[in-house]
Amino acid sequence: SLVSGLRWLWPHPAAWGVSVGALCHARARLGARPLAALFKRVCRPLATPATPGAFRFGLRLLALDGTKWNVPDTPANERAFGRPKGGRGHSAWPQVQVVALSECGTHAVCDAGVWRHDADERACARRLRRSVGPGTLVFAWLAIADRYSPRIIFFLSTLAGAAANAATLTSGGEFLPLLAA
């Protein structure tokens, strides 16, 4: 947890003066906009060319992945994110679709987004292209095309231009265009 991570800074727990609950309440009072601005300011690649596993062929390696998280069962969350429906009715919890872009080697989160539970991962991934710049290679494991054929997606942004070229690499080694603007 965040609070236990303070031990390296202040070794005596009495000096912390903050609990996990206090942090949650403070975050709620602050609101989403300042936290989103802070996220945009500090989340970026951290690796140097000497960082193991962070570069290949002179390109920075990034990874893109999506997942679903349960969120607190509140009317506001249900309105904003919805509940998935299964064979026995609706889910017990509202859920969000989270897609994150992380740096390989450091695992630093470079960009992320939270959407409704039924959001298309491809559309979410397109929104994160804003953080893919020249000299990067991005790998992703997302369910594309159909539910039974996961594909590996990768973006290659050349050193010459800022626009990312994108394609899917099928399991058979076939390349298909994927992320047209």
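**Entry 1: overall layout.** I am working from a predicted model. I looked up the secondary structure and found four helices and ten strands. I then read the order from the N terminus: α-α-β-β-α-β-β-β-β-α-β-β-β-β.

**Entry 2: burial, contacts and surface.** The protein has 181 residues, and 31% of them are buried. I checked contact range next. Of the contacts between residues at least 6 apart in sequence, 46% join residues at least 24 apart. The accessible surface is about 11,800 Å². Carbon and sulfur atoms hold 61% of that surface.

**Entry 3: Glu121.** I went to helix α4, residues 121-127, where Glu121 lies. Is Glu121 buried or exposed? Glu121 is buried. I looked for a salt bridge and found none. The nearest side chain of opposite charge is Lys68, 7.0 Å away. What does the side chain of Glu121 make a polar contact with? The partner is the side chain of Gln97, at 3.3 Å.

**Entry 4: the nonpolar patch.** I listed the residues of a nonpolar surface patch of about 330 Å²: Leu30, Leu35, Leu38 and Val42. Which helix gives the most to the patch? Helix α2, residues 32-42, does, with three residues.

**Entry 5: Val42.** I placed Val42 in helix α2. Its relative accessible area is 45%, so I logged Val42 as partly exposed.

Technical notes
Residues numbered from 1 in each chain as written. Predicted model: local features only at pLDDT ≥ 70, side-chain atom pairs only at ≥ 80, totals over all residues. Heavy atoms only, no water. Helix = DSSP H or I, 4+ residues; strand = E, 2+ residues; numbered from the N terminus. Buried < 20%, exposed > 50% of the residue type's maximum accessible area, 1.4 Å probe, protein only. Contact = heavy atoms within 4.5 Å. Areas by Shrake-Rupley, 256 points an atom, 1.4 Å probe, with all protein chains shown as cover. Lys, Arg positive; Asp, Glu negative; His and termini not counted. Salt bridge = Lys/Arg side-chain N within 4 Å of Asp/Glu carboxyl O. Polar contact = N/O pair within 3.5 Å; in protein donor to acceptor, adjacent residues only side chain to side chain. Patch = residues over 30% accessible without salt bridge, like charges linked within 9 Å, V, L, I, M, F, W, Y side chains within 5 Å.
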